[in-house]
Amino acid sequence: MLKERVITAIVLAAAFLLALFMAPGWLWTGLVLAAVWVAAAEWGRLSGLQQSTLKLYGAALLLTMGGILWLDTQFGASGKTWLHLPFYVLSVMVWVFAVPAWLISGWRPQMRCLLAATGALIIWGFAFALLDLRDYNPWALLFAMCMVWIADIAAYFSGRRFGKTKLAPSISPGKTWEGVFGALAAVSLFVVGCWLAGWLDAYPRFFPGMVMASWWWVGLSVIGDLFESAIKRQAGVKDSGALLPGHGGLLDRIDALTSTLPFAALALMLQRLE
C-alpha cells in the first residue's frame, strides 16, 4: 500500500511539474477543466446526487467556467480581474465563515442542492486560482502548493511520532494537535529557508508577515482536510473516488489546496486593483 502511494505520488509530482512549467496555456487550461469535471463528479457523489444528475452538475460547472474564460478574451486583463474576483470572494467566504461553523456545530445537512452548491464554489475557486496564479508566475503557484504539501507531510510524520491529543476525533480520528504543531514548524522553516536562499529577498519588509501567513496557511489546509473528511463521513465513504492508486480520488489529494489557493489568488486580484 505504501509503495503504491509513493509511486503514484512520484508520477503525479513529475507530471504536474512538467505541465506547470512546460505546457502551453491552452493545454494547462484543458487540464484544469478536466480536473473540474473529475472533482465535480466526486463531489456530486458525496452530495448524494443521482447518477442522472451528476453529468448535469459537472456540465454546469464546466459551462460556467468556459463562459467566464471566453469573456476573459473579450474584456482584457482588467475585465478578467473583475470576472474572477467574485469567485474568489465567495470561495473565501465559504472557508472563513461557513465551513468553520459547519465543522464546529457538527452539522450534517441533508439538502443535496446545498452540498452541491458549496462544492461548486469550492471547485471554481480552486480552478480559477490554478489558472490565475500560474498565469502570474508558475513559481508563485508552486510556492503556495509546496507550503500545503510540506504541512501535510510534516503533520503526518509528527502526528505518527508524537500524536496524542486528537484534533477532531468525530471527524478524522487520525489527526492530532501535535501533527498541526509539526506542520506549523515545517512551513515556518520552509519560508525561512526560501528567504535565506534569496528566493524571497525582493520582499524583505514583508518577511515577518510571510512567516505569520504560513501559519494561517496551515490552518486553512487543516480546515480543508477536515471539511472533506466530514463530507465523506456523512456520505459513508472512505475516499472520494478511486482515480489515484493508493490515494483515493482527486478530492482526497486537493482538499487542502481548495481551501488555500483561492486566498492567494484573491490577494493577487486585489493587488491588481490597486
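In this predicted model, helix α3 covers residues 51-105 and spans only 30 Å between its end C-alpha atoms. A straight helix of 55 residues, at 1.5 Å a residue, would span 81 Å. The helix is not straight: α3 bends by about 135° at G76. After α3 comes G106. The phi of G106 is positive, near 70°.

Side chains of opposite charge can pair when their charged atoms come close. The model holds 5 salt bridges in total. One of them joins K80 to D132, with 3.7 Å between the closest N and O atoms. This pair links distant parts of the chain. K80 lies in helix α3, whereas D132 lies in helix α4 (residues 112-136), and 52 residues separate them. D132 is buried, at a relative accessible area of 1%.

K80 forms a salt bridge with D135 as well, and here the closest N and O atoms are 3.5 Å apart. Again the pair links distant parts of the chain, with K80 in helix α3 and D135 in helix α4, 55 residues apart. D135 counts as exposed, because its relative accessibility is 51% and the cut-off for exposed is over 50%. Shared partners join K80, D132 and D135 into one network of salt bridges.

Another salt bridge pairs D252 with K232. The closest N and O atoms of D252 and K232 are 2.8 Å apart. D252 belongs to helix α8 (residues 250-258) and K232 to helix α7 (residues 207-235). The two residues are 20 apart in the chain, and this pair too links distant parts of it. Both D252 and K232 are buried.

The cysteines were examined next. A disulfide is a covalent bond between the sulfur atoms of two cysteines. The count of disulfides in the model is 0. The closest cysteine sulfur to that of C146 belongs to C194, and it is 7.9 Å away. This distance is too far for a bond, because a disulfide requires sulfur atoms within 2.5 Å. From the side of C194, the nearest cysteine sulfur is that of C146, and C194 is in no disulfide. C194 counts as buried because its relative accessibility is 3%, and the cut-off for buried is under 20%.

Key:
Residues numbered from 1 in each chain as written. Predicted model: local features only at pLDDT ≥ 70, side-chain atom pairs only at ≥ 80, totals over all residues. Heavy atoms only, no water. Helix = DSSP H or I, 4+ residues; strand = E, 2+ residues; numbered from the N terminus. Expected span 1.5 Å × (residues − 1). Bend = angle between axes of the 7 residues up to and from the residue. Buried < 20%, exposed > 50% of the residue type's maximum accessible area, 1.4 Å probe, protein only. Salt bridge = Lys/Arg side-chain N within 4 Å of Asp/Glu carboxyl O.
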